[in-house]
Amino acid sequence: MKRKLITACFIVVCFLLQSTVFSKLQFASIRPNLMIVLTSAFGFMRGKKTGMAVGFTCGLLMDIFWGNVLGFYTLIFTVIGYLNGSFKRLFYDEDIKLPLGMIAVSELAYGLVVYVCFFMMQGDFHFGYYLTHVILPELVYTILVTIILYQIILYMNRKLEAEEQRSASRFV
Amino acid sequence: MKIKNQNSIPSKYVLLILVVVCGILLGAERFMDGGGPLSWVANYTVIPMQKGISYAGTWMSDLTDNFATLKDLKKQNEQLQSKVDQLTIDNTRLNQEQYELQRLQQLYKLDQNYGDYSKIGAHVIANNGTNWFSSFTIDKGSNDGIRKDMNVLAGSGLAGIVTEVGPDYAQVRAVIDDESNISGMTLSTSDLCIVRGDLKLMEDGRIRFENLPNNDHEIKVGEQVVTSHISSTYLQGLFIGYISEINVDSNNLTRSGYITPAVDFSNLQEVLVITTTKEDMTKQSGTDSKGE
């Protein structure tokens with residue numbers, strides 16, 4: 001229960017930051033994508049179901065406030081959360097290469113899907129431009145932010161895990 | 001209990017269920033107006049927090065503004081004073097013309113006045129968090145009389161159009177958004193053109209215009225572009241921006257180029273929402289002509 005509440009707090013805080021504070025922290029009119037960091041991180045830390053739940057919530061928030069169609073981001077983020085969840089077995093606390101790699105790949109996939117659905121489908125084939133001016137800069141900035149945000153999520157996860165183990169051993 | 005929970009439903013079925021839910025949502029969008037009950041929930045959870053952050057941000061930027069030096073302020077004051085003088089002169093001249101226009105309009109029985117729309121002020125509380133689209137959230141919604149398709153101004157220019165309304169918030173799609181598409185008109189020659197936002201130009205803060213007829217009318221850089229009379233969602237005569245570049249298309253029939261919008265979208269804080277929509281106006285004029 002406590003874990004769920006804290007996760008919800010993370011999602012809401014990141015959502016608020018991204019729509020308010022980070023619009024002032026743009027580099028070359030690009031802002032990082034905190035929602036993908038959350039979805040991806042919770043996915044490979046906690047497994048498929050948590051990944052999907054976080055992805056679904058993030059996507060739904062984005063759909064309501066930023067989206068043109070309800071359900072689009074929800075779908076992408078749910079699937080991203082699920083796929084990241086299937087890498088849970090490879091995940092170790094100390095290793096930062098896997099998280100960075102996973103988040104980068106998720107970010108890239110997200111960028112490509114948005115480009116294909118909203119731009120290519122409308123006959124806009126300047127893929128090279130969008131790749132170099134939106135998708136890749138966003139990826140780089142997101143990775144930079146990940147390095148900080150991921151440590152916070154990791155810290156929270158460790159604390160909660162330790163707490164859960166303590167309460168579990170008390171029962172046994 | 002924990003183990004039971006983990007084995008209850010295999011996660012691939014959960015994924016399947018969620019995907020189906022998303023599919024339903026995508027389909028339901030057609031029938032329900034922007035989020036439905038979800039936007040009501042969002043209105044009482046996320047919007048108050050966004051308002052809080054945005055007010056705190058405004059307060060802090062006000063605080064830093066207070067440290068502006070006296071010298072700067074004096075210089076600015078001088079500039080503004082000269083501008084006021086200039087504008088007063090212009091204003092008297094325009095007033096005279098206005099009276100003349102009114103008189104002539106009365107003669108012609110044309111009393112539609114496009115200039116005086118009633119407006120509501122609103123604060124911008126959040127932006128679009130993605131890098132693909134350019135929209136923003138304002139702190140007024142259906143409780144304040146905001147409806148879909150209302151035009152939004154910032155300063156003297158057109159900022160966007162309301163696309164989605166919640167009880168206490170509304171989403172506004174900016175003019176520079178890639179999906180924005182406006183029927184425009186050059187002010188001096190009344191030639192129609194299409195003004196559309198483009199993600200590729202968003203960085204430079206420019207928008208594109210197309211399909212301006214390549215006729216004898218000479219249109220120079222600096223020409224003002226306003227919304228046209230044939231647009232179905234935008235009211236007539238709202239200032240979009242100045243033409244910054246104009247070229248003849250290769251078909252030799254049309255001209256296209258770029259517009260510098262009148263609104264600075266990188267720093268948008270207060271906007272004005274016009275409470276009449278184009279639909280109201282066309283309906284109104286429809287009933288009027290019926291009455292006659």
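Hi everyone, let's start inside chain A, where E161(A) and R46(A) form a salt bridge with their closest N and O atoms 3.2 Å apart. E161(A) sits in helix α6 of chain A and R46(A) in helix α2, residues 34-46, so this pair ties together parts that are 115 residues apart in sequence. Counting over all chains, the structure holds 12 salt bridges. Please keep in mind that this is a predicted model.

Let's stay with helix α6 of chain A for a moment. The helix covers residues 127-171, and V140(A) is found there. V140(A) also belongs to a nonpolar patch on the surface, together with L144(A), I147(A), I148(A) and I152(A). Between them, these residues have about 470 Å² of accessible area.

Now to the interface. The size of an interface is often given as the accessible area lost when the parts come together. Here, chain B and chain A bury about 4100 Å² between them, and 64% of that is on carbon and sulfur atoms. Which three residues of chain B supply more of its buried area than any other three? They are N131(B), W132(B) and K200(B), with 19% of the area that chain B buries against chain A. As for residue numbers, 50 from chain A and 44 from chain B take part in the contact.

K200(B) comes up again when we look at charges. The count between the two chains is 1 salt bridge, and the side chain of K200(B) meets that of D124(A) in a salt bridge, at 3.4 Å from N to O. Polar contacts across the interface come to 15 residue pairs.

Which parts of chain B touch chain A? Elements that each supply at least two residues are α1 (2-7), α2 (11-28), α3 (37-65), β1 (119-127) and α5 (199-202) of chain B. Helix α2(B) gives the most, with 10 residues. By class, this side of chain B has 22 nonpolar, 14 polar and 8 charged residues.

Methods: Residues are numbered from 1 along each chain as its sequence is written. Chains are lettered from A and ligands numbered from 1 in the order in which they are written. This is a predicted model: local features need pLDDT of at least 70, side-chain atom pairs count only at pLDDT 80 or more; totals for chains, interfaces and linings use all residues. Side-chain values use heavy atoms; hydrogens and water are left out. Contact means heavy atoms within 4.5 Å. Buried area is the accessible area (1.4 Å probe) that two parts lose on being put together, summed over both. A salt bridge is a side-chain nitrogen of Lys or Arg within 4 Å of a carboxyl oxygen of Asp or Glu. A polar contact is a pair of N or O atoms within 3.5 Å; within protein, one must be able to donate a hydrogen and the other to accept it, and residues adjacent in sequence count only if both atoms are side-chain atoms. Helices (H or I, at least four residues) and strands (E, at least two) are DSSP runs, numbered from the N terminus. Ala, Val, Leu, Ile, Met, Phe, Trp, Tyr, Cys and Pro count as nonpolar, Asp, Glu, Lys and Arg as charged, and the others, Gly among them, as polar. Patches are made of residues with over 30% relative accessible area and no salt bridge: like charges are joined within 9 Å, nonpolar side chains (Val, Leu, Ile, Met, Phe, Trp, Tyr) within 5 Å. Accessible areas come from the Shrake-Rupley method with a 1.4 Å probe; for residues, only the protein chains shown count as cover.
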